[in-house]
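Student: I am new to this structure. Can you take me through it by question and answer?

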Amino acid sequence: MANFVEVIGGRKSQHHYASSIVDFCIGKLMPRMQTLDITIKFTRLKDAMGYCLSQDKRTFEIEVDSRACLKEQLRTIAHEMVHVKQYARGELGSELSTWYNKSYNTDKVDYWERPWEIEAHGWELGLFINWTIREELNHKT
């Protein structure tokens, strides 16, 4: 069985790049997982660059702000793919308040201090840069 990636909205070039970076992130973060179903949706978001919604441990929807530049959209996808890994491996609970079975009150813990966000921000840029190198896009602006 193989992972399934679908891209909704956006332009054809965005579809190609989004699928490519998702495949790259799976290879780096979860190389043995073969049953992931990931939908990327380019849509207008109000208060974030992106979201990762977990339907179960293998089915995910990533929303990305369609108004951002392509570079920011792809970095956001890399960030959200770390959350996919966290959900798929059971590190992050489905309520976005449980990390390695420890509960967090997200009303009291600043976004930048949440351990799942620290990990996602830590991986985001490296995944994006390494993907651009693999795709020979690192020389483009």
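This is a predicted model: local features need pLDDT of at least 70, side-chain atom pairs count only at pLDDT 80 or more; totals for chains, interfaces and linings use all residues.

Student: What is the volume of the largest pocket?
Tutor: Rolling a probe the size of a water molecule over the atoms shows where empty space is left. For the largest pocket, the volume comes to about 430 Å³.

Student: Which residues are closest to the centre of the largest pocket?
Tutor: The lining of the largest pocket has 23 residues. By class, nine are nonpolar, eight polar and six charged. The closest to the centre are G50, Y51, E80, Y111 and E117.

Student: Which residues in the largest nonpolar core touch the most other members?
Tutor: The largest nonpolar core has 35 residues. At least two each come from α1 (12-29), β2 (37-43), β4 (59-65), α2 and α3. Those that touch the most other members are M30, I38, I40, I77 and M81.

Student: Which residues does I40 touch, not counting residues up to four places away in sequence?
Tutor: I40 is among the core residues that touch the most other members. Set aside residues up to four places away in sequence. Then I40 touches E6, V7, I8, A18, V22, I62, V64 and I77.

Student: How many disulfides does a search of the whole structure find?
Tutor: A disulfide is a covalent bond between the sulfur atoms of two cysteines. The two sulfur atoms must lie within 2.5 Å to count. The search of the whole structure finds zero.

Student: For C25, how far away is the nearest cysteine sulfur?
Tutor: C25 is in no disulfide. The nearest cysteine sulfur belongs to C52. Its distance is 12 Å.

Student: And which cysteine has the sulfur nearest to that of C69?
Tutor: C69 is in no disulfide either. The nearest cysteine sulfur is 17 Å away. That sulfur is in C25.

Student: Is C25 buried or exposed?
Tutor: Buried means under 20% relative accessible area. C25 has 0%, so C25 is buried.

Student: Is Q86 buried or exposed?
Tutor: Q86 is found in helix α2. Neighbours within four places aside, Q86 is in contact with E91, L92, W99, W116, E119 and A120. Its relative accessibility is 0%, so Q86 counts as buried.

Student: Is D65 buried or exposed?
Tutor: D65 sits in strand β4. Neighbours within four places in sequence aside, its contacts are T43, R44, L45, A48, M49 and Q73. At 9% relative accessibility, D65 counts as buried.

Student: Where is Y100, which has a positive phi?
Tutor: Y100 is not a glycine, yet its phi is about 50 degrees. Its place is the loop between β5 (98-99) and β6 (102-103).

Student: Is N101 buried or exposed?
Tutor: N101 is in the loop between β5 and β6. Its phi is positive, near 65 degrees, in a residue other than glycine. Relative accessibility is 73%, so N101 counts as exposed.

Technical notes: Residues are numbered from 1 along each chain as its sequence is written. Side-chain values use heavy atoms; hydrogens and water are left out. On a 1 Å grid over the protein atoms alone, a cavity is a set of points where a 1.4 Å probe fits but cannot get out, and a pocket is an open set with protein on both sides within 12 Å along at least five of seven lines; lining residues have an atom within 4 Å of a point. Grid points are joined across faces, edges and corners, and a volume is the space filled by probe spheres set on the points. Ala, Val, Leu, Ile, Met, Phe, Trp, Tyr, Cys and Pro count as nonpolar, Asp, Glu, Lys and Arg as charged, and the others, Gly among them, as polar. A nonpolar core is a set of buried Ala, Val, Leu, Ile, Met, Phe, Trp, Tyr and Cys residues joined through side-chain atoms within 4.5 Å. Buried means under 20% relative accessible area, exposed over 50%, partly exposed in between (1.4 Å probe, protein chains only). Helices (H or I, at least four residues) and strands (E, at least two) are DSSP runs, numbered from the N terminus. Contact means heavy atoms within 4.5 Å.
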